[in-house]
Amino acid sequence: MQSVTLSLYRFGSAPARAWALFQMGPARFALRAIPKIGTVKLCGSGVGEGFTPVPDTSVYAILATWPDHGTARRAMFGTRIFRRYAEMSEERMTVFLTPTSARGRWDGAEPFTPQDVEPGGPVAALTRATVKLRSAARFWRQEPAISRAIGRDPNVIFKIGIGELPMVRQATFSIWPDTRTMAAFARADGPHAQAIREVREGKLFREDLYARFRVDAIEGTWAGQTPDLTRGPQDMTDQMKVAAE
């Protein structure tokens, strides 16, 4: 059963941030050399609620696919590159996911293999796009409404914007209490839905991908807290708000 992991790392000191920035080149080769790893994407992060043109130089992400969660954990504890990221960062968190649906492509490929499983609890969404260069200015005029809508939704447990290339290759990852609350947000007829329609009708993307996942586990902390997947939607939202204060 395919495993998908999103590992987030926060770097504090200037030397640590410089190390992380430099690794955007050589670390890609080290990650791809890990036995049994599938797709692997090394990303930077942006400030804000989702897609953002402003980079956050303290946060980096590694998205990877594996044959199963056990293989993923062994690689994270047993390979030099993952251990080095853990040693250099001041905070880290990994989300273990099982893909339940996916449509679209990432760099011309379909990285996620949906599994026949019931979400049965917290779920995650990943939206990724390559913005056409000639459409970038138009897209970034519309995008803030989407990010604000995600940030204001009382049910979202966690969200972060990541990307391989500022301005044109961006992704948003979010965790929700269940499929109902995620679907209600996606279907809501507000600024988010309107902005999404304008982006699609304007054909601003050269390539896009949307995937949903069952959230199986979260290990580590972010903003000093580990989201508790056994708690109710409002409880988890409150927990993350307290951690951010």
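Predicted model: local features only at pLDDT ≥ 70, side-chain atom pairs only at ≥ 80, totals over all residues.

Visitor: Why is α3 called roughly perpendicular to α4?

Guide: The axes of α3 (residues 69-78) and α4 (residues 80-88) cross at roughly 65 degrees. Angles of 65 to 115 degrees count as roughly perpendicular, so the label applies to α3 and α4. The axes come within 5 Å.

Visitor: Which residues make the contact?

Guide: From α3, A75, M76, F77 and G78; from α4, R80, F82 and R83. They divide into 4 nonpolar, 1 polar and 2 charged.

Visitor: How many aromatic pairs are there?

Guide: The count is 7. One of them is F11 with Y60, edge-to-face, with 6.0 Å between centres and 70 degrees between planes. F11 is in the loop between β1 and α1, Y60 in strand β3, 49 residues apart. Both F11 and Y60 are buried.

Visitor: What makes the pair of W19 and Y85 edge-to-face?

Guide: Their ring centres are 5.0 Å apart, and pairing needs centres within 6.5 Å, so they pair. W19 lies in α1 and Y85 in α4, so the pair ties together parts 66 residues apart in sequence. W19 and Y85 are both buried.

Visitor: Which residues form the aromatic cluster?

Guide: Y9, F11, W19, Y60 and Y85 form one cluster.

Visitor: How do you know that the charged end of R73 sits over the ring of F96?

Guide: The charged end of R73 is 4.2 Å from the ring centre of F96. The distance limit is 6 Å, with an angle condition as well. R10 likewise lies over the face of W222, at 4.1 Å from the ring centre.

Notes. Residues numbered from 1 in each chain as written. Heavy atoms only, no water. Axes fitted to C-alpha atoms, helices over the stretch in contact; angles between N-to-C directions. Helix = DSSP H or I, 4+ residues; strand = E, 2+ residues; numbered from the N terminus. Parallel < 35°, antiparallel > 145°, perpendicular 65-115°, else oblique. Contact = heavy atoms within 4.5 Å. Nonpolar A, V, L, I, M, F, W, Y, C, P; charged D, E, K, R; others polar. Phe/Tyr/Trp six-rings, centres within 6.5 Å; stacked < 30°, edge-to-face > 60°. Buried < 20%, exposed > 50% of the residue type's maximum accessible area, 1.4 Å probe, protein only. Lys NZ or Arg CZ within 6 Å of the ring centre and 35° of its normal.
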